[in-house]
Amino acid sequence: MAEFESKLKDLIIKLHEIEAVKFGLFKMKSGIDSPVYIDLRSIISYPAILETVAELLWEFAIKDIDCNQLCGVPYAAMPIATLISSYSKTPMVIRRKEAKKYGTKKLIEGKFSPGDKCVIVEDVVTSGSSILETIMDLQSEGLRVTSAVVVVDREQGGNYNLSEKGVTMHSLCTLSQILQVLKDAGRVNQEIVDSVKKYLAASQIHLDSTFFTAQPLTESVKPSRLSLPFSVRADQATNPVAAKLLKIMVAKQSNLCVAADVTSASKLIALAETVGPYVCLFKTHIDIVEDFSAQLIQQLLAAAQKHNFLLIEDRKFADIGHTVSLQYSHGTYKICSWADLVTVHPVPGEGVITGLKSAVADLHRGCFIVVEMSSAGNLTTPSYISSSMEICKKHPDFVVGVVCQTPSTLNNPGLLQLTPGVSLDCQNDGELGQQYNSPEDVIMLRGADIAVVGRGIVQAADPVQAAQEYRTKLWAAYEKRVSSLKLA
Ligand code: 5BU
């Protein structure tokens with residue numbers, strides 16, 4: 001993974017050098033001025049770069065996707081798809097853009113059978129409309145398409161629009177990552193970073209529900225998680241704890257979870273009492289408290305009751321079902337007796353959920369499944385994420401949502417996306433691996449419903465003031481998301 005990341009960073013710098021990524025003022029097709037221009041058509045003039053792009057796309061995602069055909073979106077991505085096809089010995093098809101005009105020509109070139117599973121390859125995604133048009137043509141010929149792999153996600157709604165149509169998008173890098181790498185390399189300044197972020201926040205493109213109605217891509221396109229208000233979603237929750245949490249969020253106008261990573265009981269209680277009024281969830285790592293006692297739990301429960309928040313123990317269970325059921329209900333912490341929610345790694349398979357459920361037969365409890373982490377070099381691959389989602393779907397009575405960093409992972413409006421790695425001031429914590437995004441970015445671009453903030457609040461000079469500021473910014477971003485994505 002470290003090798004992959006260093007290759008990706010080199011690639012981003014080279015793309016900037018050959019001006020495939022440029023900053024300035026550019027008129028887009030839509031007529032809007034953009035401070036960034038990304039055009040990968042020129043990489044055919046740099047065979048080594050083209051080869052790296054193909055290799056990284058294969059390694060990063062395609063090799064883990066169950067498919068037997070590739071299709072590059074005409075025209076920029078076709079050479080990339082061709083190289084991947086040759087390298088991986090996966091057959092490819094070509095969609096003719098002009099076929100409809102002449103009528104007699106085939107729409108899709110290449111040999112394929114109905115039911116073949118095809119992955120779309122694209123260079124840059126903005127709204128996702130080119131990918132969706134390609135998919136419609138492929139589907140009309142009987143091919144099955146559920147994944148698109150792209151080099152750059154401009155983070156302007158493409159991921160959302162594709163997930164709306166049942167297509168999972170995997171991007172090698174986002175525009176934010178490009179900015180970060182170029183900033184770290186001293187190639188762009190903060191002013192450029194700020195202007196691009198401002199542009200991104202203001203230029204989200206939502207393909208409305210009438211788009212592609214002639215040929216729907218999935219049998220049922222449900223109202224999206226991202227565009228529905230929490231109040232409506234509370235009625236769609238299949239888990240009583242998720243419904244309760246959504247109602248608390250609406251009542252307190254808060255989608256803030258504080259990560260109370262402190263090591264003494266007195267600090268933990270002080271935090272629960274002071275920031276409690278501003279949060280919907282209070283997240284603990286109870287095993288870091290040096291003077292843990294049963295009394296601490298009574299005080300935490302009293303604070304939760306008084307300030308109307310839920311408790312989540314970030315235990316990240318990751319063992320066989322029998323072991324996790326004991327870890328959840330026994331030992332020093334007896335977690336299931338007090339924590340409304342826990343976090344779980346799905347790596348052991350479905351038994352981890354069954355084990356936890358067996359410990360809490362009559363209690364109203366739930367879990368968040370950790371499908372993707374915020375830390376640099378984490379090992380979650382696209383195939384791990386999609387297999388984890390399958391586990392999630394099988395336990396609607398216990399799973400309240402997922403912990404992840406990207407919006408396309410979760411569609412179900414009754415489930416919640418919890419996203420850590422949020423800070424107003426920092427981009428990372430150095431060698432320790434944490435990677436941060438701003439409150440606005442995690443809600444608008446990364447699809448979080450609830451953002452987890454730890455040191456940004458706990459280590460602030462005035463934690464209460466910091467909690468108020470995060471809560472206001474996160475809630476404003478949620479309201480902006482719902483109003484900007486409202487179906488036409
Ligand atoms: P921070 O101080 O805001 O970096 O704290 C983040 C918290 O979220 C901390 O308690 C972590 O254990 C937790 N976390 C995370 O940072 N990244 C992840 O992917 C997951 C949890 Br899952």
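Reader: Ground rules before we start: what kind of model is it, and how are residues numbered?
Author: It is a predicted model, where local features need pLDDT of at least 70, side-chain atom pairs count only at pLDDT 80 or more, and totals for chains, interfaces and linings use all residues. Residues are numbered from 1 along each chain as its sequence is written, and side-chain values use heavy atoms, with hydrogens and water left out.

Reader: Which residues does UniProt list for "active site"?
Author: The unreviewed UniProt entry lists D314, K316 and D319. Positions are in the numbering used here, feature names are shortened, and annotations may be inferred rather than shown by experiment.

Reader: Where does D314 lie?
Author: D314 lies in strand β11, residues 310-317. Strands (E, at least two residues) and helices (H or I, at least four) are DSSP runs, numbered from the N terminus. K316 is in strand β11 too.

Reader: D314, buried or exposed?
Author: Buried, at 10% relative accessibility. Buried means under 20% relative accessible area, exposed over 50%, and partly exposed in between, with a 1.4 Å probe and protein chains only. K316 is partly exposed, at 25%.

Reader: What joins the side chains of K316 and D314?
Author: A polar contact of 3.0 Å. That term is for a pair of N or O atoms within 3.5 Å; within protein, one must be able to donate a hydrogen and the other to accept it, and residues adjacent in sequence count only if both atoms are side-chain atoms.

Reader: And what does D314 touch, not counting residues up to four places away in sequence?
Author: K283, T284, H285 and T343. Contact means heavy atoms within 4.5 Å.

Reader: New topic. Which residues of α3 are buried?
Author: In α3, residues 78-88, the buried ones are M78, I80, A81, I84, S85 and S88. Seen down the axis, they fall within an arc of 155°, so they line one face of the helix. The arc is that of the directions from the helix axis to the C-beta atoms.

Reader: What do they pack against?
Author: The partners are α2 (47-60), β3 (69-72), β4 (92-95), β6 (117-125) and β7 (144-153). After α3 comes K89, whose phi is positive, near 60°.

Reader: Where else is phi positive in a residue other than glycine?
Author: E19 is one, with phi near 65°. E19 is in the loop between α1 (2-17) and β1 (21-27), and counts as exposed at 51%. K334 has a phi of about 40°. K334 sits in the loop between α13 and β12 (341-344), partly exposed at 43%.

Reader: Which residues does a cis peptide bond join?
Author: P74 and Y75, with omega about -5°. Y75 lies in the loop between β3 and α3. Most residues other than glycine have a negative phi, and most peptide bonds are trans.

Reader: On to the largest nonpolar core. How many residues?
Author: It has 91, and L245, L281, F282 and F368 touch the most other members. Helix α18, residues 463-485, gives the most, with eight residues. Another core lies apart, of 47 residues, among them L8, L70, V149 and C173. A nonpolar core is a set of buried Ala, Val, Leu, Ile, Met, Phe, Trp, Tyr and Cys residues joined through side-chain atoms within 4.5 Å.

Reader: How many aromatic pairs?
Author: Eight. Rings of Phe, Tyr and Trp (its six-membered ring) pair if their centres lie within 6.5 Å; planes under 30 degrees apart are stacked, over 60 edge-to-face, the rest tilted. In F230 and W475 the centres are 5.8 Å apart and the planes at 50°, so the pair is tilted.

Reader: Which helices hold F230 and W475?
Author: F230 is in α9 (230-234) and W475 in α18, so the pair ties together parts 245 residues apart in sequence. F230 is buried at 0%, and W475 at 8%. F230, W475 and Y478 form one aromatic cluster.

Reader: What about F317 and Y328?
Author: That pair is edge-to-face, 5.5 Å centre to centre with 70° between the planes. F317 and Y328 are both buried.

Reader: Last one: where is Q156?
Author: Q156 is in the loop between β7 and α6 (158-164), buried at 3%. Its side chain makes polar contacts with those of R154, at 2.7 Å, and Y199, at 3.3 Å.
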